[in-house]
Amino acid sequence: MPEGDTIHKVAAYLDDALRDRRVQAVRLHPAFGPTVGARTVARVASEGKHLFISFEDGTALRSHLGMYGAWHSYPAGAVWRKPRRQASVVIDTAQRDFVCFNAKEVQWLRSHGFRRADQGARLGADLIRDGLAAEELLRRIDSFCDPQTLLVDLLLDQRIAAGIGNVYKSEVLFLEHWAPLRRVRDLGDDALLALYRRAAALLGENLGGGPRTTRFSVAGRGGLWVYGRAELPCRRCAAPVRRELLGRQPRSSYWCARCQA
């Protein structure tokens, strides 16, 4: 499941492969827009869970993978591992094809246009790139969230801070000992900031290779604490891990009812 750390690594890979290179074409699935011809890539960067490919002609291509999207790279002419009908974006170069499959959103923007600026303004700080700006984060919580907002909805709201997805949502709440159905009103400023400080640390720890992990102690290194472990024993107290669909747009949440009472 792509989250902020995944998109950051994809952006770094594509930036290394494409920056300052002239691509032959950028082909989009008809649902997202037209194919465009040759142009030179200026840079590739992530903002939270959004990836921006900027070109020297002043255009930019924004993509959001959603739950099922993924970027692949193939030698030119190689057989793809997914059907071509699932290709949302294809960037052709003489040597390789860079293919985004099953994206949730793809959008052409002007690099310095209103829609690009509006997109940036609607996202909170990127927790990987920008770190924790405490005053701005609390201001955004106050502006965008009702005191009744559930913590599961707060952490997934990219307007507050960008990069947290469903995995980190559950892991952060476990590590900070908050039940997922607690509300913003139940936490003071320090506790709210602690959630995002923990999220930023976990995202940063997972920028290297290998599977995502949130367990770093010598006694229990590797893997996740609760996400994906429904009915298995909690790794702290051995109580069964619970799973339910929670939130405004119900998503799987995992927690330990004993550790997160």
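Student: Why is histidine 50 called buried?

Tutor: Buried means under 20% relative accessible area, exposed over 50%, and partly exposed in between, with a 1.4 Å probe and protein chains only. Histidine 50 has 8% relative accessibility, so this residue counts as buried. Do keep in mind that this is a predicted model, where local features need pLDDT of at least 70, side-chain atom pairs count only at pLDDT 80 or more, and totals for chains, interfaces and linings use all residues. Residues are numbered from 1 along each chain as its sequence is written, and side-chain values use heavy atoms, leaving out hydrogens and water.

Student: And what makes aspartate 16 exposed?

Tutor: Aspartate 16 reaches 69% relative accessibility, and therefore counts as exposed. This residue is found in helix H1, whereas histidine 50 is found in strand E4. Helices (H or I, at least four residues) and strands (E, at least two) are DSSP runs, numbered from the N terminus.

Student: What makes the link between histidine 50 and arginine 62 a polar contact?

Tutor: Their side chains are joined at 3.0 Å. A polar contact is a pair of N or O atoms within 3.5 Å; within protein, one must be able to donate a hydrogen and the other to accept it, and residues adjacent in sequence count only if both atoms are side-chain atoms.
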